[in-house]
Amino acid sequence: MKRMAMNLVLIGLVAALATPAGAEDRPFRIGWNTELSGPFTFAGTACLDAARLAEGEVNAGGKKIELVVRDNQTNPAQAAAVARALDTQDKVDLLSGPTNADVSLAAYGYAEQAGLPYLVPVASFPQLTKPGT
């Protein structure tokens, strides 16, 4: 959890440095596609708690990030649909959140296709750690 929280802090710092002129008031939006129901609820809620802590720390430092949270129900098809909705409806800048490998692969597949940055908080399946696979 500590590693994931540090990743979010780093994302916030990178987002602050990469913010285009005129967009300073807009927070960096992170689409948090996670398991809030289904068999991996314990991991999804724990990671969400850590992400919320990191969000508070980054925002307290003056940079703004916003978590946009959606439940993927520990279901790969739902995770892909959630990733699409976070991108097209919520207009997030980055996708993250899945803790289950199968669910992560589905969300990663959408992110790769859409060209949207994707941060895997805990899953370590080889296809998730090698870009383009």
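Q: Is R26 buried, partly exposed or exposed, given its relative accessibility?
A: R26 counts as partly exposed because its relative accessibility is 40%. Buried means under 20% relative accessible area, exposed means over 50%, and partly exposed lies in between (1.4 Å probe, protein chains only). Please note that this is a predicted model, in which local features need pLDDT of at least 70 and side-chain atom pairs count only at pLDDT 80 or more, while totals for chains, interfaces and linings use all residues. Side-chain values use heavy atoms, with hydrogens and water left out, and residues are numbered from 1 along each chain as its sequence is written.

Q: Which residue forms a salt bridge with R26?
A: The partner of R26 is D93, and their closest N and O atoms are 3.1 Å apart. A salt bridge here is a side-chain nitrogen of Lys or Arg within 4 Å of a carboxyl oxygen of Asp or Glu.

Q: Where do R26 and D93 lie in the chain?
A: R26 is in the loop between α1 (2-18) and β1, whereas D93 is in the loop between α3 (76-88) and β3 (94-96); the two are 67 residues apart. Helices (H or I, at least four residues) and strands (E, at least two) are DSSP runs, numbered from the N terminus. D93, at 21% relative accessibility, counts as partly exposed.

Q: How many salt bridges does the structure hold?
A: There are four. One of them joins the side chains of R29 and E66 at 3.2 Å, N to O. R29 lies in strand β1 and E66 in strand β2, so this pair ties together parts 37 residues apart in sequence. R29 is buried, at 18% relative accessibility, while E66 is partly exposed, at 28%.

Q: On to the sheet, then. In what order do its strands stand?
A: The order is β2-β1-β3-β4, in an open sheet of four strands with parallel pairing. Two strands pair if DSSP finds at least two bridges between them.

Q: Why is one side of β2 and of β4 left without a neighbour?
A: β2 (65-71) and β4 (118-119) stand at the edges with a single partner strand each, so one side of each has no neighbour in the sheet.

Q: How many bridges join β1 to β2?
A: Seven bridges join β1 (residues 28-34) to β2, and the two strands run parallel. Among the facing residues, G31 has V68 as its bridge partner, and I30 stands opposite L67.
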